[in-house]
Amino acid sequence: MKNHTRRTSAFAALGVAAALSLTACAGDESGKDTAGKGSVPPASSQPSDPAKAGPSPSGGTADKGKSQTAKPSSGSTASGSSGDSAPQGGQNVEPCKTRNLTVEAKNASPDASTGTIDITMTNRGTTTCSATGFAGIGITDQDTTTNPIERGKAEPRITDLKPGEAAIFNLSYEIDNSGNSLTRPTGIQVTPPNQTSHVNVKWPAGAGNIKGFYTDVKVYPTHNK
C-alpha cells in the first residue's frame, strides 16, 4: 500500500515538473514575439547618405543649405536704364545745389520784336556739379503773383560745371511794342535743374514788354556758357 502511494506521488511530481517546463517554454516564445513588435527597423532601411535623401521643403536638397540670390545688373542706373545707353556727364555727377549758385539775368534781345532774357548760373561750390536740364521759372508780376513759365521744345544738353564755371539758359517771347501789354513783370523766380529751392532776381532793365500773356513766354534748357 505504501509503495502504491509512493508511485502515485512520484507520477504526480513528474506531471507538475512537465507542466512547469511547458509553461517556461511558452513564456520564452511569447517573450520573443513581444520583443519583435515595435522594434526599430534595421539600419539598412534608413538612408545612409544625406545627399540621397528626398527634396527639402524649400526645394533644395539636404546637402545644400545656402540659398541662391540673383545679383543686380552692374550696368543699371537708379532710373532703371542701361549703363551702356545712359548719357555720360551730367547724370554721373551731383546736381548743382541752389545755395552754391549765383544767378543773374540780363536783356539779350537781338531786335525790337524778339524778347530774349539770358539767365546765368555760376558754380561757387568746390566740386564739379551738373546743371543739365530745364530750370523752373516763374515770373513775378507787379501784383505780386508768380506765373509759371512753360518749357520750349528743345532737348537738354549735358551741362557740367567745374568750380567757377557758368551755365546759361534763356527765356524767349514776342515783344509788344503797342504799349498795351497785359503784363507788368518785376522779377524772375529761378529754381535750378533738379532742385526745389529758388533764387529771385529782378526783371532786367531794358527788356521789352511781353506780348500776350505769361503763358506765351518759354524757357529753354541750360548749356555751357
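Me: What makes β1 and β2 a pair, and how do they run relative to each other?
Reply: They run antiparallel and are joined by 7 bridges; two strands pair if DSSP finds at least two bridges between them, so β1 and β2 qualify. Within this pair, V103 has M121 in β2 as its bridge partner, and a hairpin through 6 residues joins β1 to β2. The model is a predicted one, in which local features need pLDDT of at least 70 and side-chain atom pairs count only at pLDDT 80 or more, whereas totals for chains, interfaces and linings use all residues. Residues are numbered from 1 along each chain as its sequence is written, and side-chain values use heavy atoms, with hydrogens and water left out.

Me: What stands behind the names of the elements, and how many helices and strands does the chain have?
Reply: Helices (H or I, at least four residues) and strands (E, at least two) are DSSP runs numbered from the N terminus. The chain comes to 1 helix and 12 strands.

Me: What makes the approach of the T132 side chain to the side chain of S130 a polar contact?
Reply: A polar contact is a pair of N or O atoms within 3.5 Å, where, within protein, one must be able to donate a hydrogen and the other to accept it, and residues adjacent in sequence count only if both atoms are side-chain atoms. The contact between the side chains of T132 and S130 is at 3.1 Å, so it falls within that limit. A polar atom of the T132 side chain also lies 2.8 Å from the backbone nitrogen of T159.

Me: What makes a set of residues a nonpolar core, and which members of the largest one touch the most others?
Reply: A nonpolar core is a set of buried Ala, Val, Leu, Ile, Met, Phe, Trp, Tyr and Cys residues joined through side-chain atoms within 4.5 Å. The largest has 27 residues, of which I119, I137, I188 and V190 touch the most other members, and its largest share, 4 residues, comes from β8.

Definitions and conventions: Buried means under 20% relative accessible area, exposed over 50%, partly exposed in between (1.4 Å probe, protein chains only).
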